[in-house]
Amino acid sequence: MPQVRIVARNFMDMVASLPPVKLDKLYENSFICEAILRSLPPLAKKYVLQLLYIEGPVSAKWLEEWVLADGASKHKVAIDRLIQLRVLTETVERKKEATYLFNPPFQRNLQKHILRGGVSPREPMPSNVTVRLPSTEELDAYAVEQWELFLLHLINSTEVERSMNISSSMMKVFQHGLLSQKDDKEPSRLTESGFQFLLMDTNAQLWYIIREYITNCEEQGVDTADLISFLLELSFHVMGKAYNLNTLSDIQRTIVKDLVDLGLVKLQQGRKESWFIPTKLATNLSISLADTATRKQGFVVVETNFRLYAYSTSKLHCEILRLFARIEYQLPNLIVGAINKESLYKAFLNGITAEQIVSFLQQNAHPRVAEKIPTVPENVTDQIRLWEADLNRVEMTPAHLYDEFPSRDVFEAACDFAREYGGLLWENSKKMRLVVKGEIFTQMKEFLRRQKQ
């Protein structure tokens, strides 16, 4: 069974893929330079800070002397990352060792940012202008609710109590690999990638959506560097503070309205002014996946008898568990279900792998079992993998059987023809029978028709 993998690349991987001219343009913004620094591996951060005030090239050999012998692999990862992001440029001259030079715009603007301190990209609105702003708890609850509604829209769950108007930009993100629709009359359905996406960690899901959103905006003519610059800049705003929408360009205002769907910002309207309020999801945008992948509060307990208990009030959690488990009943704060062969076969046929299910159960283990080793009983994880292997033992291939050939010459010619097209699955020379793949049916039909002439 073919599997589709969603690669949850870091936001900075997309930055690194930009052309050199656009990268240099990004580095004219000191906040972007700070965001790049935040995203780097620890050793790469150390190199940047130690080289920041050194003018001119430095030798590769000199940098290697900073690292212990057992740190050679980490050194290579750090240098490769700095070169990918054009923080350092490498020069190798004939008969001379390699040297590294700081990107001048990056070096200059990071120096300014460090000296200037934690200045916000724009000033928040005074409290006497804004209405009552949400508290931190209310803002966190809003972000979680928006994100769950967003994912429930993807699942197309009947459990969504209120309609949610998803922007056309975000719908295109859904339709780009996560949803499929044969025609306008049929409802959209989750693809294999869509099912796999739902089992990913929240941070990984957010990076995926943002990356696809950037790609979609680029196709509409929006400059990628400007869009990435604004998204990274957004992470330096203060969570819970109100910022005037009039300080944004038209494109930036459109982006902010799209980000409401994800729960990254909250919009409010006053008597005369409108403003946006960043949530924790927005202020974490510049942090690397490794830094944000801390253990979150889990909710799932799996027992050795394959019973599953999820201590959650979230409808999204219930719908995600329904992807691979049989939900038996749901109480106000408890979901009870079971993992069985039928529910797992359904998940496997939808493109979800055993490893993704096991990983989801481990990452979302309830605190009571999270510290145990293993967090999910071994007999359960082993059986999940065995059932997947059992399903994959037989591969279904559409095929056609041909027999009753008029002569052995025609039979052998048909075998050679099917073999040449890579479509021969089986042949019985004694009974003059063969089976070919369904994908070459038209070519085979035309070949046999010519043989009769």
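Select strands S13 (residues 399-402) and S15 (residues 433-437): 4 bridges join them, and the two run antiparallel. Strands and helices are DSSP runs (E, at least two residues, for strands; H or I, at least four, for helices), numbered from the N terminus, and two strands pair if DSSP finds at least two bridges between them. The model is predicted, and local features need pLDDT of at least 70, side-chain atom pairs count only at pLDDT 80 or more, and totals for chains, interfaces and linings use all residues. Residues are numbered from 1 along each chain as its sequence is written, and side-chain values use heavy atoms, with hydrogens and water left out.

Within S15, select Val435. Leu401 stands opposite Val435, and Trp426 also stands opposite Val435.

Next, display strands S6, S8 and S7. They form an open sheet of 3 strands in the order S6-S8-S7, with antiparallel pairing. The edge strands are S6 (243-244) and S7 (265-269), each pairing on one side only. Between S6 and S8 (residues 274-278) there are 2 bridges; Tyr243 has Phe276 in S8 as its bridge partner.

Move on to the largest nonpolar core, which has 115 residues; Ile209, Leu262, Leu308, Phe324, Ile357 and Leu361 touch the most other members. Such a core is a set of buried Ala, Val, Leu, Ile, Met, Phe, Trp, Tyr and Cys residues joined through side-chain atoms within 4.5 Å, where buried means under 20% relative accessible area (1.4 Å probe, protein chains only). Helix H11 (residues 202-219) supplies the largest share of this core, 9 residues. Another core, of 15 residues, lies apart from it, with Phe405, Phe417, Met432 and Met444 among them.

Centre the view on Phe324. Leaving aside neighbours within four places in sequence, Phe324 is in contact (heavy atoms within 4.5 Å) with residues including Leu199, Leu308, Ile339, Ser343 and Phe360.

Now select helix H4 (residues 42-51), whose buried residues are Ala44, Tyr47, Val48 and Leu51. Seen down the axis of H4, these fall within an arc of 95 degrees, so they line one face of the helix; the arc is that of the directions from the helix axis to the C-beta atoms. They pack against several elements, including helix H3 (30-39), helix H6 (72-84) and helix H7 (104-116).

Finally, select Cys33, which is buried at a relative accessible area of 0%, and Cys415, buried at 3%.

Conventions. Buried < 20%, exposed > 50% of the residue type's maximum accessible area, 1.4 Å probe, protein only.
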